[in-house]
Amino acid sequence: MNVSLKLGRNTANKPLELHFLPAKIFEDGTTDVDNYFNSYTRKGLDGILTNAVRGFPLKGEILKSPSNYRAFVLQSSEKHSEAKVIHNMYISGKFDNFTYWNYDKVPSKADTYKQALQMLDISKELCAPVLDSEILIEIDGMGLVIGGQENTI
Amino acid sequence: MSKKTTRSSKPAETKPIPAAKAPALRKVMFISDELLQDEENELTLEYFYHPGKGKPVLFITKGNTELMEVIEFAEQRRCWLINNDVCSDGRIFMTTPIDITLLALHHLRLHCTEKALALEDIGKADDKSTLRLLREFVRGEEHLRCVADIKNASGMVFYKYNPKKTMAWLAIKTRRVAQKLQSIGTHCGQSAVSQNYVRGELEGESKEETEMDYLRMACDIVGNYLDLDLYEDLKKYLNIADETPIMTSTTKKEEKAKGENKRKSLQQLNSNNSKKVKLDEKTKNAAEKLKSSGLVEDSPTSDTNKPNSSEETSPVSTMSPNVLTPSPIKERNLTAKEKALAKSAKGTKSIASFFTKK
């Protein structure tokens, strides 16, 4: 099943305000985030934001989307169906920054999200092309090490 | 004065709740700038076979030229607040560059080990996604020169899988990734539990060990895109040993000492057990005697029909004076209690009588 992303022209929409909460909310719906959440955000002396959800303390920081990447919120109006029809997803909005919240833990480089971002750099390295000359050098080195086993390959 | 509402009266009319809109499925995605060069262009999410996972996995394509993998960051219990909306799907999808050769390698190994084939002939006829991958995205020589022998005949190009070349190519890639991991400063190895804590350097610890850790991690990362047997071959080729628990010279000595101690303590346990066995036998006898006493009317095992008074004193007397454990004292108390119980329970049925075979 193919999904087509219609990017279209990026009109000058106001960027979206996103919060990455350390909690699972089982409903998709509308709520007054400004009134119930944003108005309670406090900034500490160390620059860490504090807030709470249902009494659970949150500690957060504002993170930028990774460099060389653009962050979008995509929206699909249809639920996934078994029918092999190409259905479309549209850009609901874009954002440059989002607030990353941790449950009662100061955001640090140990967060799994930060570690996941390392994968982006590693994948890039993995894709870098290899020269023929390098392969030849390696094969020569192989001959010295493997020796008699060359016949089996 | 307003009318009091009681159960009998009609309930107050509630405001009609507007029908909730069908929630739009929203996903948060980081898309690479490379795919967004062209404002007008459309991107497609497609499934291609992923050799490491053994099943079709999501990729993102731009027309028939560019292909990137879509990885998802899915931490347990996460969700998004997007402006004034709640998005329960807390995943982040990211596009990562992928070497098309790795994807093609699987199909090459499957079909082109014995004989050389042209690109169009590789793959089964009904596997549309594979055919699409090989015909559109794999630019023949550019992608396959590192893993296959290229033969030109009568204007057509044929490819044959070359294991040696592939191993060399994979080894070079693994070393590059290991270097990258070192430069990023990824914590890996036995002591890498948290990024917030760093293992202190022990005396005499060689740095070679940590280099092997990076190489092992890099091999695992590269192995994510390989068939299992190829991954095992790569490990062998790079001489990556399996992870073993840390055993330095000092810990070895400690373990030996512990082993000896264990043996000693085992001996102690054995002697304790033997003592306990003796005591158990004595308590068993007491239990049997309890059954045969006035407590039981229909006893299933009425082998021993000894009179009360003489036997209750006997377990105490047969106890050896050297054994200074609390159990004989318990027995004395028990027998006294048992005496009292037996007295009060005279004439009643024992619980064992309910469990007899009928």
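Two strands count as paired if DSSP finds at least two bridges between them. In this predicted model, strand S2 (residues 18–21) of chain A and strand S5 (residues 79–82) of chain B meet that rule, pairing in the antiparallel sense over four bridges. Within this pairing, A:Leu21 stands opposite B:Cys79 in S5(B).

**Extent of the interface**

- On the side of chain A, 80 residues are in contact with chain B, and 69 residues of chain B take part in return.
- The size of an interface is often given as the accessible area lost when the parts come together.
- For chain A and chain B, the buried area is about 7,200 Å².
- Carbon and sulfur atoms give 61% of that buried area.

**Polar and charged links between the chains**

- The rule finds four salt bridges across the interface of chain A and chain B.
- A salt bridge joins B:Arg175 to A:Glu138, with 3.0 Å between the closest N and O atoms.
- Polar contacts between chain A and chain B come to 36 residue pairs, both residues being at pLDDT 80 or more.

**Make-up of the chain A side**

- Helix H2 (residues 112–127) of chain A gives the most to the side that touches chain B, contributing 15 residues.
- By residue class, the side of chain A that touches chain B holds 42 nonpolar, 19 polar and 19 charged residues.

**A:Leu21 and its surroundings**

- A:Leu21 belongs to strand S2 of chain A, the strand that pairs with S5 of chain B.
- The relative accessible area of A:Leu21 is 4%, so the residue counts as buried, the cut-off being under 20%.
- Leaving aside residues up to four places away in sequence, A:Leu21 touches A:Phe37, A:Leu58 and A:Trp101 in chain A.
- A:Lys59 is 38 residues from A:Leu21 along the chain, and their C-alpha atoms are separated by 10.0 Å.

**Chain B by itself**

- Chain B has nine helices and nine strands.
- Of its 358 residues, 36% count as buried.
- Taking contacts in chain B between residues at least 6 apart in sequence, 57% join residues at least 24 apart.

Conventions: Residues are numbered from 1 along each chain as its sequence is written. Chains are lettered from A and ligands numbered from 1 in the order in which they are written. This is a predicted model: local features need pLDDT of at least 70, side-chain atom pairs count only at pLDDT 80 or more; totals for chains, interfaces and linings use all residues. Side-chain values use heavy atoms; hydrogens and water are left out. Contact means heavy atoms within 4.5 Å. Buried area is the accessible area (1.4 Å probe) that two parts lose on being put together, summed over both. A salt bridge is a side-chain nitrogen of Lys or Arg within 4 Å of a carboxyl oxygen of Asp or Glu. A polar contact is a pair of N or O atoms within 3.5 Å; within protein, one must be able to donate a hydrogen and the other to accept it, and residues adjacent in sequence count only if both atoms are side-chain atoms. Helices (H or I, at least four residues) and strands (E, at least two) are DSSP runs, numbered from the N terminus. Ala, Val, Leu, Ile, Met, Phe, Trp, Tyr, Cys and Pro count as nonpolar, Asp, Glu, Lys and Arg as charged, and the others, Gly among them, as polar. Buried means under 20% relative accessible area, exposed over 50%, partly exposed in between (1.4 Å probe, protein chains only).
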